[in-house]
Amino acid sequence: MSEPLYTRDILRLAVSIPHQQRLEDPHGSAEIRSKTCGSIVAVDVILTNTASLKELGLAINACALGQASAAILGAQAIGQSMNDIEKARSGLAEFLNGTHPSPGDWKNIDKLIAAKDHRGRHAAILLPYDALIAAFADAKRKVA
């Protein structure tokens, strides 16, 4: 029998999402809706001159797992590049799919281990990463 899905740690993270406000004049924005669960994540970004994340704005309408994932991402994203976020997302996805032994080394990311056996929830966990990557891409398009 697998561990409970909504652990205390997941629920604590779900109510502690940082950067929960949209930015007024973002360099890039994205809003993604999950086709599997209907969750919506909107992200605004302001980047540094070296294309690292300077400011982040989040609007999260998701299940507890999506919210917990957004909290982990929001706590670690400032100062990261698009490549850094893509690597973190890739590593987390590989862990969830069973092809990597660890979800990564970001603080609290290990709290998502309980969701590994719940394949139907993986998209909700990855949604905040996908939205942030799309916001980075939007910022890059606007500069080009």
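This is a short tour of the structure, one selection at a time.

This is a predicted model: local features need pLDDT of at least 70, side-chain atom pairs count only at pLDDT 80 or more, and totals for chains, interfaces and linings use all residues. Residues are numbered from 1 along each chain as its sequence is written, and side-chain values use heavy atoms, without hydrogens and water.

**Stop 1: the whole chain.** Show the protein chain as a cartoon. Find four helices and three strands. Both are DSSP runs, numbered from the N terminus: helices are H or I with at least four residues, strands are E with at least two. Along the sequence the pattern reads α-β-β-β-α-α-α. The radius of gyration (taken over C-alpha atoms) is 14 Å, close to the 15 Å that the globule rule (2.2 Å times the number of residues to the power 0.38) gives for 144 residues, so the chain is as compact as a globular protein of that length. Its C-alpha atoms fill a box of roughly 50 × 25 × 25 Å, taken along the principal axes.

Stop 2: Two strands pair if DSSP finds at least two bridges between them. Now select strand 2 (residues 40–47): eight bridges join it to strand 3. Click I46; its bridge partner in strand 3 is E55.

**Stop 3: the core.** Which residues have the most contacts inside the largest nonpolar core? Select V43, V45, I85, Y129 and L132. The core has 44 residues. A nonpolar core is a set of buried Ala, Val, Leu, Ile, Met, Phe, Trp, Tyr and Cys residues joined through side-chain atoms within 4.5 Å. Buried means under 20% relative accessible area, with a 1.4 Å probe and protein chains only. Helix 4 gives the most to this core, with ten residues.

**Stop 4: V45.** Zoom in on V45. Not counting residues up to four places away in sequence, V45 touches several residues, including L23, P26, L53, L132 and F136.

**Last stop: zoom out.** Of the 144 residues, 47% count as buried.

Terms used
Buried means under 20% relative accessible area, exposed over 50%, partly exposed in between (1.4 Å probe, protein chains only). Contact means heavy atoms within 4.5 Å.
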